[in-house]
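Biologist: I would like a close look at one part of this model, followed by a connected account of how it sits in the rest.

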Amino acid sequence: LPCLSLPSSMHLIQVDSVQRWMEDLKLMTDCECMCILQSKPISIEKDEQNELILSSQYSTCDNLQLLLKRAWIISTELTRIAQKLEKNRWQRVHSMTVRVNCHVRSMINEYNTFTRNSSEEMHQFEKLLIDKCSEFTAFTERCIQTEDEQILKSMKSCINETLTTVAQYFGQLIELVLTHEAQNLLRQIELSDSVYITESAISSLFSLTQEGAHLCRIIAKEGGVVALFKICRQDCFRCLYPQTLRTLASICCVEEGMHQLEKVDGILCLADILTDNTHSEATHAEAAAVIAQITSPHLTFTQHLSSFLENMEEIVTALVKLCQEASSGEVFLLASAALANITFFDTMACEILLQLNAMKILLAACSDKHIVDTPYSRDQVVTILANMSVLDQCASEIIQGNGVQLLMEMLFERSSSGNSAEVAACERVQQKSAVTLARLSRDPEVADAAVKLSCIPRLIKLCRSPTERNNSDSVLVACLAALRRLAVMSPDGLEDSDFQQLVKPRLVDSFLLCTNMEESFV
């Protein structure tokens, strides 16, 4: 198949297929109308704007969404043409080529109705793409007019080459369009003193960031992070801080965004916002979300963390305070997620948390079901506990805060919805609570409390019953490790068969035994 160099941003949220069809139907209908009329606009008056151009009815944000949807349809059609071409389905190839031709013309017409200052380079690509699509259609039309296998075979390579060129021109045009729109929005943000105009531009920019990493890279390269942090340093735009920070968090999922953040001392700005008590809780929460994003352990680029360490103590202090004073589960989740990520890359963060009585605050929050109300929040809390448990002083804090009881409860974490993301969060909670127990049980007092709370039978159940751990191998390994640590401290708590199978052998042998167990075996 030809390589279709299309932007990776062209994705749509997974929705029901009928709903998708209903959304696309209007676009497809316009396409067929234009196909019949050879792309001539329908209008009564010569100067009347074509009513079939949907973008005239929408705002800039809606126009961009319409453009992306049309682009997604075109990219899908090009992929399908390549597939049909491989199977020599010439009639289908031609009908789909005609449809792509119409979609391309519709997309360009729609875009030009709401863009008045497109570049010469963009117009050149539009002409190249339209000409190549016409050539493509002519090629495929000739193919359906002959049945000579030799002619078809010789034309197939030309069609493949033309298809590849169409895809390349299309991808380059979309790249130019998206870059142009990002530039326009950023220009509005930088030049406008109006809160309303700036808010609208930031809202449109945020919508673009939700279309994927490719668009975030474009925005970052065009100076999006610089422009947004400029907003966050102006008091006259305070009401826009939450929205601005939310957009920044999205852009900073890519390396280009991180580089920009480093250049403008973004971490210092975030620290100032978090430590300024005059800001709203919503602003603090969104600043915490940016911190959570830039400290994510999944990111492979960490150059920005050197400047983060310089401001870490005041950031951690502010985040702990935000956890303690959170008025909702969402605010607590954002603050605790930031803290959880921070504990991964520097042990000094755990020491700071210990000094701030963070353990007590987090354990108290877990008893409030309105604040720690989802497996996702409990995942963040137990991550912090697991990373702090490497410190010897942690054991006494856990005992005082009734933390062993909480860890025991987390071993029973189950998804109520069956949602895959929630199930995965529940597995992480079980795994990390077992890891925390294993680490803390080196302290006899913690081990004794765990035994009294019947942690050993629960760990055995998780090891022997795959459904209890949702067939998770990571949960099994953590439970075996915790069980072995508790068995050392309290060998009387195990039956002989459990000891022989789960404790005495090498961990890998016990692991293999448990993974091969059938449910009826228990």
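Which are the buried residues of helix α7 (residues 213-221)?

Modeller: This is a predicted model, in which local features need pLDDT of at least 70, side-chain atom pairs count only at pLDDT 80 or more, and totals for chains, interfaces and linings use all residues. Residues are numbered from 1 along each chain as its sequence is written, and side-chain values use heavy atoms, with hydrogens and water left out.

In helix α7, the buried residues are His214, Leu215, Cys216, Ile218, Ile219 and Ala220. Buried means under 20% relative accessible area, exposed means over 50%, and partly exposed lies in between, with a 1.4 Å probe and protein chains only. Helices (H or I, at least four residues) and strands (E, at least two) are DSSP runs, numbered from the N terminus. After α7 comes Gly223, which has a positive phi near 90 degrees.

Ser192 is in the loop between α5 (149-191) and α6 (195-209). Ser192 counts as buried because its relative accessible area is 14%. A polar atom of the Ser192 side chain lies 3.0 Å from the backbone nitrogen of Ser194; a polar contact is a pair of N or O atoms within 3.5 Å, where within protein one must be able to donate a hydrogen and the other to accept it, and residues adjacent in sequence count only if both atoms are side-chain atoms. Apart from neighbours within four places in sequence, Ser192 is in contact (heavy atoms within 4.5 Å) with Ile197, Thr198 and Phe237.

Asn88 has a positive phi near 60 degrees and is found in the loop between α2 (60-86) and α3 (90-114). Asn88 counts as partly exposed because its relative accessibility is 40%. Asn402, also not a glycine, has a positive phi of about 60 degrees, and its place is in the loop between α19 (394-400) and α20 (403-410).

As for cysteines, the whole structure has 0 disulfides, a disulfide being a pair of cysteine sulfur atoms within 2.5 Å. Cys252 is in no disulfide, and its nearest cysteine sulfur, that of Cys253, is 8.2 Å away. Cys252 counts as buried because its relative accessibility is 0%.

For the protein as a whole, the secondary structure comes to 26 helices and 0 strands, and 53% of the 522 residues count as buried. Among contacts between residues at least 6 apart in sequence, 74% join residues at least 24 apart.
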